[in-house]
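Welcome, and thanks for taking a look at this one with us. Please bring up the sequence and the model, and then work through the briefing below topic by topic.

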Amino acid sequence: MAWFSKKPRIAVDTEPQAEPRPSRMEGLWAKCESCDEIIYRQELEKNWMVCPHCEHHHYWAARARLVAMLDPDSFEEFDKELEPQDPLGFSDSKKYKDRLKSTRKNLGEPDAFISGVGRIQGHQVSVGCFVFEFMGGSMGSVVGEKVARVFERAHELKCSAIVFSASGGARMQEGIFSLMQMAKTSAAIARFRTGTRPYISVLLNPTTGGVAASFSWLGDIILAEPKALIGFAGPRVIEQTIRQKLPEGFQRSEFLLDHGMIDSIVHRKDLRTKLGQILGLLG
């Protein structure tokens, strides 16, 4: 008998493996971010992305929001041909131009803002809505241009302006070109205010950074959804800067309402009716 014997080698399967089949149940259910309840996704979408158990407002896609808020078949989109460029040749973990290309391909949106003209309960409005999935709804030069055109178009048509804001702030990949949009959009509002129509700003979760520091806070009427995070810098950054613990619910819409920073908190199901009432009184 031999002192040593070779162990049989484990055969390596070199054949390409078939991709796993997607589960038939995948995507049918969603977990509430607040109460952890499991919800049938179709039921959640029918309920305007509001949890039926705890009333938590989940993220709602921009186009779905516009369809629900505006009168049927009244929305006409403008400025869809505008696409962001890479003026600085910026690159971090990925080239900015490549990041833009892949995001556009995945979302089917040219940038983080949709703008156009529609009607709410018969009242004509120039309207815009942020696409938060597009790089956190960050405001670059094209987003700033589209926002400014919302007010310019409202001024030309002599109608009210509405902007639904949901943004992480300025787009760092465009540097100073992004920061300049704060002044540009604010100047567009100043021109719009030479007329008599109102600007209604609707703050969603989250509305932060340069967007919060410019046009979103300049509304004649400022509405917000429940528990929306609204502010310039995040709570953690502020705590690290001032070295103090912030109050409970700081920068949430309820806290801001108590301190006179916004006019009203409106449940998503009531928002279209509320907008119609305001337009009927002021628009």
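A residue is called buried under 20% relative accessible area, exposed over 50% and partly exposed in between, with a 1.4 Å probe and protein chains only. Asp36 is partly exposed by that scale, since its relative accessible area is 47%. The model is predicted, so local features need pLDDT of at least 70 and side-chain atom pairs count only at pLDDT 80 or more, while totals for chains, interfaces and linings use all residues. Residues are numbered from 1 along each chain as its sequence is written, and side-chain values use heavy atoms, with hydrogens and water left out.

Helices (H or I, at least four residues) and strands (E, at least two) are DSSP runs, numbered from the N terminus.

**Backbone points to check**

- Most residues other than glycine have a negative phi, and most peptide bonds are trans.
- Asp36 sits in the loop between β1 and β2, and its phi is positive, near 65°.
- Asp73 belongs to the loop between α2 and β3 and has a positive phi of about 60°, although it is not a glycine.
- With 84% relative accessibility, Asp73 is exposed.
- The peptide bond that joins Asn205 and Pro206 is cis, with omega at about -5°, and Pro206 has its place in strand β7.

**Aromatic pairs**

- A pair of aromatic rings is described by the distance of the centres and the angle of the planes.
- Rings of Phe, Tyr and Trp (its six-membered ring) pair if their centres lie within 6.5 Å; planes under 30 degrees apart count as stacked, over 60 as edge-to-face and the rest as tilted.
- This rule gives eight aromatic pairs.
- One of them is the tilted pair of Trp29 and Tyr40, with 5.3 Å centre to centre and 55° between the planes.
- Trp29 is in strand β1 (residues 29-31) and Tyr40 in strand β2 (residues 38-40), so this pair ties together parts 11 residues apart in sequence.
- Trp48 and Trp60 form a stacked pair, because their ring centres are 5.3 Å apart and their planes are at 25°.
- Trp48 and Trp60 are 12 residues apart, and each is in the loop between α1 (41-46) and α2 (62-69).
- Trp48 is partly exposed at 23%, whereas Trp60 is buried at 7%.
- Phe113, Phe130 and Phe215 are linked into a cluster by ring pairs.

**Strands and their partners**

- Two strands pair if DSSP finds at least two bridges between them.
- Strand β4 (residues 113-120) has seven of its eight residues buried, so the rest of the structure largely encloses it.
- Strand β3 (residues 76-78) pairs with β4 in the antiparallel sense over three bridges, and Glu76 stands opposite Val117 there.
- β4 and β5 also run antiparallel, joined by eight bridges, with Gly116 opposite Val127.
- Two residues lie between the strands in the hairpin of β4 and β5, where Gln121 takes a positive phi near 50°.
- Strand β7 (residues 199-208) and β8 pair in the parallel sense over four bridges, and Val202 has Leu223 as its bridge partner.
- β8 is also parallel to strand β10 (residues 264-265), over two bridges, where Ala224 is partnered by Ile265.
- In a regular strand the side chains alternate between the two faces of the sheet.
- Strand β8 (residues 221-224) is covered on both faces: Ile221 and Leu223 on one side, and Ile222 and Ala224 on the other, are all buried.

**The largest pocket**

- A pocket is found on a 1 Å grid over the protein atoms alone, as an open set of points where a 1.4 Å probe fits, with protein on both sides within 12 Å along at least five of seven lines; lining residues have an atom within 4 Å of a point.
- The largest pocket has a volume of about 210 Å³, taken as the space filled by probe spheres set on the points, which are joined across faces, edges and corners.
- Its lining has 19 residues, and His57, His58, Tyr59, Asn205 and Pro206 lie nearest the centre.
- β5 (123-130) and β7 are the elements that give two or more residues to this lining, and β7 gives the most, with three.
- Domain 1 (27-58) and domain 2 (60-282) both contribute to the lining, so the largest pocket lies between them; the domain bounds come from an automatic or database domain assignment.
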